[in-house]
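Please look at the sequence and the model side by side before reading on.

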Amino acid sequence: MAKHTIVLIPGDGIGPEVTSAARRVMEAAGANIEWVELPAGAAALEAGFDSVLPEKTIEAIRDHKVALKGPVTTPVGKGFRSVNVQLRQKLNLYAAVRPVRSLAGVKTRFENVDTIIVRENTEGLYSGVENEVVPGVVTSLKVASEVACTRISRYAFRYATKRKRKKITVFHKANIMKLSDGLFLNCARKVWENEYPNIEYEEVIIDAGCMKLVQDPTRMDVLLMENLYGDLISDLCAGLVGGLGVVPGSNIGDDAAVFEAVHGSAPDLAGKGLANPLAVIMCGEMMLNHLHEDKVAAKIRTAYDAVLGEGKTLTRDLGGEANTAQFTDAIIAKLK
Ligand code: NAD
């Protein structure tokens, strides 16, 4: 395998535990990676940087083009602007791609869930434009641009076509937000009509979409939506297949890609060695596919599928007793 230089951002909370587990699995699988470890989040301040998103970390991702990132903690209702939002905007990582699939051995209400969430990652209500109009009255601006809505739509249709997916469903609320969600819908529809008639296309108001998802998620194929909806629907879908410990993700731009799980820094588990590292291990698999190292990626998938299928060594979120290290060791033992 060719050598790759990858930026590793351990992150906060459970981040260092789960990213080092993923690194161990990738190395044991034969991935030839030189890691450039740099901080972000509270860890960056603790390491003496003057920012939660040091320029050195951003520059390294620009240089090496690929990063594996652990979750970072963001203060609620005060404090610094989300590191994740800043990172995605600064590197123009406009597409968040989150595959949600049922796993053999992980018992959930539904089987055969296989859905991909494609989330616009740079604007919407995450633009961070908030104002206090007068004391007691505030606004948050939802930004939608034709360029970004068209770009993410084109990405989703291209992705669906490449992966031989059949249908794209756009979740929206254009009945209420007629301009912003209306623009998103118009752009998606135009891309479909003019460029990708090969793919089935539907538009669903997001509240009804949530009901459909929890009634029968197997009917959903690729889901396309703006930023906030994608954030919420990702966690909802994670709940359908076993929880946040089993859903990976990627943030893709034209010049760089950052792979990170859907889950956060899980302060309730941090430092206990109990977190499920699988989501980040799956991020590693996605990253290896992105680097065209499909064989090593497949090896990792076969190994964790075997461990889940046996059901003997599972972390607590999946109903087992294993800790992070035991689960990671079990996957490494299955690598062939
Ligand atoms: P969370 O995802 O950290 O945790 C939600 C629940 O899921 C918790 O009960 C946690 O224990 C459980 N969980 C999460 N990951 C798990 C894993 N790998 N194994 C087992 N259980 C797991 O969400 P939260 O508590 O709402 O957020 C905590 C912090 O993380 C916040 O500061 C938030 O802003 C941040 N966050 C960061 C990212 C990111 O960096 N990409 C994403 C989401 C949340």
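Predicted model: local features only at pLDDT ≥ 70, side-chain atom pairs only at ≥ 80, totals over all residues.

Residues are numbered from 1 along each chain as its sequence is written, and side-chain values use heavy atoms, with hydrogens and water left out.

The protein contains 11 helices and 12 strands, where helices (H or I, at least four residues) and strands (E, at least two) are DSSP runs numbered from the N terminus. Its radius of gyration is 20 Å, close to the 20 Å that the globule rule gives for 336 residues, so the protein is as compact as a globular protein of that length; the radius is taken over C-alpha atoms, and the rule is 2.2 Å times the number of residues to the power 0.38. Along its principal axes, the C-alpha trace spans about 55 × 45 × 40 Å.

Of the 336 residues, 53% are buried, a term that means under 20% relative accessible area, whereas exposed means over 50% and partly exposed lies in between (1.4 Å probe, protein chains only). Among the contacts with a separation of 6 or more, 74% are between residues 24 or more positions apart, and a contact here means heavy atoms within 4.5 Å.

Helix 6, which covers residues 180-195, has 16 residues and reaches 22 Å from its first C-alpha to its last, close to the 22 Å expected at 1.5 Å a residue; the expected span is 1.5 Å times one less than the number of residues. Its buried residues include Phe-184, Leu-185, Cys-187, Ala-188 and Val-191. The partners against which the buried residues of helix 6 pack are strand 5 (114-120), helix 5 (146-162), strand 8 (167-172), strand 9 (200-205), strand 10 (222-225) and helix 8 (227-241).

Strand 5, one of those partners, holds Val-118, which is buried with a relative accessible area of 0%. Leaving aside residues up to four places away in sequence, Val-118 touches Ala-96, Ile-152, Tyr-155, Ala-156, Val-222, Leu-223, Leu-224 and Met-225.

In the loop between strand 4 (95-101) and strand 5 sits Asn-112, which counts as exposed at 62% relative accessibility. Asn-112 and Pro-217 are 105 residues apart in sequence, yet their C-alpha atoms are 8.7 Å apart in space. When residues up to four places away in sequence are not counted, Asn-112 touches Ser-102 and Thr-218.

Turning to helix 9, we find that 11 of its 13 residues are buried, so this helix is largely enclosed by the rest of the structure. Among the buried residues of helix 9 are Leu-278, Cys-283, Gly-284, Glu-285 and Leu-288. The end C-alpha atoms of helix 9 are 18 Å apart, which agrees with the 18 Å that its 13 residues should span at 1.5 Å a residue.

A last point concerns the backbone angle phi. Just after helix 9, His-292 takes a positive phi of about 65 degrees. Lys-164, in the loop between helix 5 and strand 8, has a positive phi of about 60 degrees although it is not a glycine, and at 72% relative accessibility Lys-164 counts as exposed. Ala-266, also not a glycine, has a positive phi of about 40 degrees and lies in the loop between strand 12 (257-259) and helix 9 (278-290).
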